Amino acid sequence: MIVTASQGRGKGPRPKMTRGGGIDRFRRQPLAVAALVFVVVITIVCILAPLLTPYPFDRGVLADTLQGPSARHPLGTDDVGRDVLSRLLYGGRTTLLAAVQATGFSVVLGVPAGLVAAFAGGWVDACLSRVADAIMTFPALLLAVVIIGITGPGLTNAMIAIGVVYGPRLFRVARAAGLAVLNETYIAAAKTVGCSPLRILMRHLLPNALSPLLVQVSLTMATAVLAEGSLSFLGLGVQPPQSSWGAVLGRSVPQMSQHPVPVIAAGVLISLLVLSFNLLGDGIRDSIGRERKS
């Protein structure tokens, strides 16, 4: 890049991107905006599930077993006569909560460790990196099944297992972002004036690492939705009579040839939610990255 004399004198470093600029760039991405709208709508609908569900999600009428879509049951009923629409609305709350739990646990586990590894370096970095590498050598779903086998089935245990599995990914992102920031001049200046390591981590490393971390958090939400669906499908996630989209899918597969609507509905919702989180990650990356593409 050619820098003119007027650009090189007295101008100082380039200004950081403003928050408004990032929002404007996000608005110009229709797919990312549509994904955000879908996630917000699904979240609101699931929160309002007690007001929207036509029937209790955990009570069935045996006389209504495996009914097709009708005015009374828009998506039909399952094998014990429970309304599928009600179970999907309540199940969405469980699926979203599970994704938030798993992602939050992975953030708490991976981000501080990654920033500490980048800042401390040496044997601290080596030890933490080897632990993360060891966890990532195992297949994610298999490791989650092993952890659930030790702690027992249930939503919380399943999400802790998922958080342990995906924590190393956030560790790597946080470590890489921290190492990049440590080479900046203002970090050396902060050390020179006597800033404590905690202040440098919180004031300088974490804010500058937020952009790649937000992208990875969005992608982790997508993988957590898939993981929760897989574990609930196998009976290792939510336990009856609780509902999630994965549980509805697993319960409905044996009757798919006679009653395919619940399988299709749950599968489409899971697919759209995962796609939305992935598109959100792409939108965040293109909107608030440290450097704009020219």
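This is a predicted model: local features need pLDDT of at least 70, side-chain atom pairs count only at pLDDT 80 or more; totals for chains, interfaces and linings use all residues.
The protein chain has 12 helices and zero strands, and its C-alpha atoms fill a box of roughly 80 × 45 × 30 Å, taken along the principal axes. Of the 294 residues in the chain, 43% are buried, while the chain exposes about 15,800 Å², of which carbon and sulfur atoms supply 66%. If we take the contacts between residues at least 6 apart in sequence, 71% of them join residues at least 24 apart.

Let us turn to one pair of helices. Helix H5, which covers residues 84–120, packs against helix H10, residues 197–233, at an angle of about 145 degrees, and their axes are 8 Å apart. The crossing of H5 and H10 is right-handed, and the residues of this contact divide into 20 nonpolar, four polar and one charged.

Staying with helix H10, we find Ser218 there. Is Ser218 buried or exposed? Its relative accessibility is 7%, and because buried means under 20%, Ser218 counts as buried. Leaving aside neighbours within four places in sequence, Ser218 is in contact with Phe277, Leu280 and Gly281.

The second residue is Ile288, which lies in helix H12, residues 261–288. Ile288 has a relative accessible area of 33%, so it is partly exposed, a class that sits between the limits of 20% and 50%. The C-alpha atoms of Ile288 and Leu214 are separated by 9.5 Å, although these residues are 74 residues apart along the chain.

Methods:
Residues are numbered from 1 along each chain as its sequence is written. Side-chain values use heavy atoms; hydrogens and water are left out. Axes are lines fitted to C-alpha atoms, for helices over the stretch in contact, and angles run from 0 to 180 degrees between N-to-C directions. Helices (H or I, at least four residues) and strands (E, at least two) are DSSP runs, numbered from the N terminus. A crossing is left-handed if the near helix is turned anticlockwise from the far one by less than a right angle, and right-handed if clockwise. Ala, Val, Leu, Ile, Met, Phe, Trp, Tyr, Cys and Pro count as nonpolar, Asp, Glu, Lys and Arg as charged, and the others, Gly among them, as polar. Buried means under 20% relative accessible area, exposed over 50%, partly exposed in between (1.4 Å probe, protein chains only). Contact means heavy atoms within 4.5 Å. Accessible areas come from the Shrake-Rupley method with a 1.4 Å probe; for residues, only the protein chains shown count as cover.
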